[in-house]
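I opened this notebook to record what I looked up in the structure. The entries follow the order in which I consulted it.

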Amino acid sequence: MREALLRAAEEAIDEHGIGPVGMRAIARRVGVSHQAPGHHFGDRRGLFTALAAKGFRTLARRMRSARRRIPDDATPAERVATLGIGYMVFAKQHPALFVVMYRPELLNADDPELAEARASAFGILLAEIDEARATGWGRDHSATALALTCWSTVHGAVMLWRDGTLDTFFPGLGGVEAAARLVTETLNNALAAEAAG
């Protein structure tokens with residue numbers, strides 16, 4: 001039941017945005033009593049918190065899957081870039097989860113399930129950055145600075161795409177995947193050149 005309610009909330013957000021999504025609407029969509037969502041999530045904030053945790057868990061799975069497909073001879077910079085591309089693909093495939101994950105005003109900030117899911121996804125990026133730094137990539141910067149820069153660069157490109165601005169200002173770029181490759185390659189080339197210098 002809990003998963004069915006979360007799927008229904010995700011579908012409703014995809015169709016109508018966050019605003020009109022409420023507990024009764026989700027219950028109607030699933031065909032259960034209007035008390036059922038409250039039993040599982042407490043209130044609307046609890047529903048969105050559970051949805052955000054699901055989003056971070058899904059993102060972590062996607063990033064782990066992307067890591068497994070990286071060729072053995074890939075450079076550390078290429079490995080970090082692969083995670084960035086995976087982040088963009090996740091945002092494209094799960095728009096409702098993505099939008100809820102980054103709306104703190106809708107979430108219970110102290111929820112342990114959400115905190116664990118966030119840490120799991122972020123930990124994958126940090127692990128790749130640590131491995132890359134051990135080879136000299138980004139060696140002049142802290143892991144925190146690199147993680148923030150990588151994440152901000154890719155997240156910013158995702159937001160441009162989501163807002164419809166990417167195609168307006170960069171027509172013919174080739175969509176969100178092409179943007180992911182471009183920004184991650186540019187960032188990684190700059191850090192690799194710095195390490196070689």
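Entry 1: salt bridges. I took a salt bridge to be a side-chain nitrogen of Lys or Arg within 4 Å of a carboxyl oxygen of Asp or Glu. The model is predicted, and I searched the whole of it with this criterion, which gave nine salt bridges. I then examined Glu11, which forms one of them with Arg29, the closest N and O atoms being 3.7 Å apart. Glu11 belongs to helix 1 (residues 2–16) and Arg29 to helix 2 (residues 23–30), so this pair ties together parts that are 18 residues apart in sequence. I noted that Glu11 is partly exposed, with a relative accessible area of 40%. Arg29 is also partly exposed, at 34%.

Entry 2: the pairs of Arg67. I looked up Arg67 next and found its side chain in a salt bridge with that of Glu128, at 2.6 Å from N to O. Glu128 lies in helix 7 (residues 112–133) and Arg67 in helix 4, so the contact ties together parts that are 61 residues apart in sequence. Is Glu128 buried or exposed? I recorded Glu128 as buried, because its relative accessibility is 1% and the cut-off for buried is under 20%. Arg67 is partly exposed, with a relative accessible area of 24%.

I also found a salt bridge between the side chains of Glu131 and Arg67, at 4.0 Å from N to O. This pair links distant parts of the chain, with Glu131 in helix 7 and Arg67 in helix 4, 64 residues apart. Glu131 is partly exposed, and its relative accessible area is 43%. Which residues are linked in a network of salt bridges? I listed Arg67, Arg79, Glu128 and Glu131.

Entry 3: charged patches. I turned to the surface and found a patch of positive charge in which Arg61, Arg62, Arg64, Arg68 and Arg69 gather. I placed Arg68 in helix 4. Arg68 counts as exposed because its relative accessibility is 64%, the cut-off for exposed being over 50%.

Which residues gather in a patch of negative charge on the surface? I recorded Asp72, Asp73, Glu78 and Glu185. Asp73 sits in the loop between helix 4 (44–68) and helix 5 (76–93). At 68% relative accessibility, I counted Asp73 as exposed.

Entry 4: the chain as a whole. I finished with the overall description of the protein chain. Its secondary structure comes to ten helices and zero strands, and along the sequence I read the pattern α-α-α-α-α-α-α-α-α-α. The C-alpha atoms fill a box of roughly 65 × 40 × 30 Å, taken along the principal axes. Of the 197 residues in the protein chain, I noted that 42% are buried.

Note on methods. Residues numbered from 1 in each chain as written. Predicted model: local features only at pLDDT ≥ 70, side-chain atom pairs only at ≥ 80, totals over all residues. Heavy atoms only, no water. Patch = residues over 30% accessible without salt bridge, like charges linked within 9 Å, V, L, I, M, F, W, Y side chains within 5 Å. Areas by Shrake-Rupley, 256 points an atom, 1.4 Å probe, with all protein chains shown as cover. Lys, Arg positive; Asp, Glu negative; His and termini not counted. Charge placed at Lys NZ, Arg CZ, Asp CG, Glu CD. Helix = DSSP H or I, 4+ residues; strand = E, 2+ residues; numbered from the N terminus. Buried < 20%, exposed > 50% of the residue type's maximum accessible area, 1.4 Å probe, protein only.
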